[in-house]
Amino acid sequence: MYYSDYNRPPEDRDSVIETNQFHVYDAEPPKKKKKGGFGKFIAVGLCCAIIGGAVGGGGVWAVNRFGDNSTTIYEGTRPTAVSLANVDGKTVLSAEEVYASNLESVVGVNGNVTTNVWGQTVKNAVSGSGFVISSNDTTSYILTNYHVINGVSDITVFFSDGKSYDATLVGGEEENDIAVLKIDQGNLRPVVLGDSDAINVGEDVYAIGNPLGELTFTFTGGYVSAKDRSVTMSDGTVMNMIQTDTAINSGNSGGPLFDKYGQVVGIVSAKLSSSSSSKASVEGLGFAIPINDVKDMVTSIMENGYVTGKPNVGVLINAVDESVQRYGVPAGVEIMAILDGSCAQKAGLQVGDIITAVGDTQVSTETQLQSAVKDHKAGESVTFTIYRDGNTSTVNVTLDEDNQERQDAMNQLSEEYNSQQQQSQPQQGGNYYYNFPFGNW
């Protein structure tokens with residue numbers, strides 16, 4: 001045990017402190033014969049080791065006794081540089097190699113979001129992460145989360161070398177929380193996409209991102225805690241996720257999740273937080289979107305500006321209230337408005353119709369109807385079971401494809417409908433429409 005002597009009065013201190021290895025004297029120690037300046041070498045070496053440790057150097061030293069009064073100090077060396085490994089999907093990389101080989105492909109995403117506070121328009125800064133998904137001679141594409149850029153203006157991305165670029169939104173897919181940005185800078189290094197279906201629970205994974213928007217290009221690691229985890233997001237959307245205990249915090253959203261081969265297997269998206277009603281602390285529960293789930297969508301966004309093949313019915317809907325069902329009206333989803341020229345209008349659907357099933361799937365809520373429809377692609381013919389004027393019948397609907405033009409039209413229809421309702425009577429409940437990938441769903 002070590003006892004401190006510094007707080008005792010000088011007259012009470014012992015003149016000599018003895019240990020089993022060293023003698024420390026108050027007075028000048030006995031003079032020893034110099035041996036080629038070795039004593040000076042030891043002093044300098046020790047100072048260098050301490051200074052090196054203070055500044056983060058790799059000096060390693062040890063003290064061994066070779067007699068009653070002599071010591072030898074050993075100082076080790078180590079390489080400081082990490083070579084850029086070849087990400088080939090076959091070679092397992094060290095954590096250092098994963099970071100070094102992918103750092104230049106990761107970006108921070110900054111922007112402004114305008115909010116209304118007590119009638120005053122206020123701009124707040126937002127931040128997230130992303131990574132280069134593709135690059136040619138003049139243009140590079142960056143993948144991030146949709147929620148990172150939703151409603152954000154003046155988007156910029158910045159790299160670890162300090163360079164930053166203005167970015168424009170190519171397109172996004174809110175339901176799967178992905179968005180693609182474009183910058184006018186080519187010949188950047190994109191990441192290598194891996195196979196998220198091939199990862200195993202217990203496998204090492206790593207993340208690079210910008211937690212809190214300040215600790216830029218932070219590297220964290222952990223394990224795959226679970227695969228195919230169904231996670232309900234704050235807006236009620238249920239997503240398939242990779243669960244990991246890799247440290248994930250605000251600002252990490254949109255960043256890459258790497259496997260042990262240095263390939264991207266997920267898009268960091270969410271962290272489970274404890275509720276305000278619970279005092280329990282929730283740690284180590286992070287989630288990432290499996291890259292296999294969105295590969296084709298990302299390609300479609302880069303090529304077309306939106307995800308092709310997604311269905312759109314062209315109706316505003318509202319679930320039938322339980323109080324109405326007491327009078328013999330079936331559970332289902334009522335059509336509140338229909339877009340002119342849409343597949344719903346062409347199929348003969350009418351305002352007031354109650355959709356009770358899509359194909360063989362019974363539906364009683366907006367979410368159930370959405371899920372049933374999204375299992376099909378644009379151009380497919382789907383059978384809707386409807387209740388109209390006390391009778392049940394079926395209608396075949398050939399689904400429209402969702403695109404920006406359809407999204408704009410549905411937004412306009414929703415605004416017109418809500419305006420009419422406000423003029424006639426207070427609106428009861430929410431109104432929804434089939435609008436992928438954006439919309440007030």
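This is a predicted model: local features need pLDDT of at least 70, side-chain atom pairs count only at pLDDT 80 or more; totals for chains, interfaces and linings use all residues.
User: Let's start with α8. Which residues does helix α8 cover?

Analyst: Helix α8 takes in residues 404-424, which makes 21 residues.

User: What span should those 21 residues give, and how far apart are the end C-alpha atoms?

Analyst: At 1.5 Å a residue the helix should span 30 Å, and its end C-alpha atoms are 30 Å apart, so the two agree.

User: Okay, and which residues of α8 are buried?

Analyst: Those are Arg406, Gln407, Met410, Leu413, Ser414 and Tyr417. They cover an arc of only 125 degrees around the axis, which puts them on the same side of α8.

User: What about the face turned away from that buried side, which exposed residues does it carry?

Analyst: That face has Glu405, Glu415, Gln422 and Gln423, which are exposed.

User: Which residue caps the N-terminal end of α8?

Analyst: Asparagine 403 does the capping. One of its side-chain oxygens lies 3.2 Å from the backbone nitrogen of glutamate 405.

User: Switching to salt bridges. How many does the structure hold?

Analyst: There are six salt bridges.

User: Which residue does arginine 406 meet in a salt bridge?

Analyst: Its partner is aspartate 400, at 2.9 Å from N to O. Aspartate 400 counts as buried, at 15% relative accessibility, and arginine 406 is buried too, with a relative accessible area of 12%.

User: Let's zoom in on glutamate 175 and lysine 310. How far apart are the closest N and O atoms?

Analyst: In that salt bridge they are 3.6 Å apart. Glutamate 175 is in the loop between β10 and β11, while lysine 310 is in the loop between α4 and β18, so the pair ties together parts that are 135 residues apart in sequence.

User: Is glutamate 175 buried or exposed?

Analyst: Buried, at 13% relative accessibility. Lysine 310 is buried as well, with a relative accessible area of 11%.

User: Which residue forms a salt bridge with glutamate 104?

Analyst: That would be arginine 189, with the closest N and O atoms 4.0 Å apart. Glutamate 104 sits in the loop between α2 and β5 and arginine 189 in the loop between β11 and β12, so this pair ties together parts 85 residues apart in sequence.

User: What are the relative accessibility values there?

Analyst: Glutamate 104 is at 39% and counts as partly exposed. Arginine 189 is partly exposed at 28%.

Notes:
Residues are numbered from 1 along each chain as its sequence is written. Side-chain values use heavy atoms; hydrogens and water are left out. Helices (H or I, at least four residues) and strands (E, at least two) are DSSP runs, numbered from the N terminus. The expected span of a helix is 1.5 Å times one less than its number of residues. Buried means under 20% relative accessible area, exposed over 50%, partly exposed in between (1.4 Å probe, protein chains only). The arc is that of the directions from the helix axis to the C-beta atoms. A polar contact is a pair of N or O atoms within 3.5 Å; within protein, one must be able to donate a hydrogen and the other to accept it, and residues adjacent in sequence count only if both atoms are side-chain atoms. A salt bridge is a side-chain nitrogen of Lys or Arg within 4 Å of a carboxyl oxygen of Asp or Glu.
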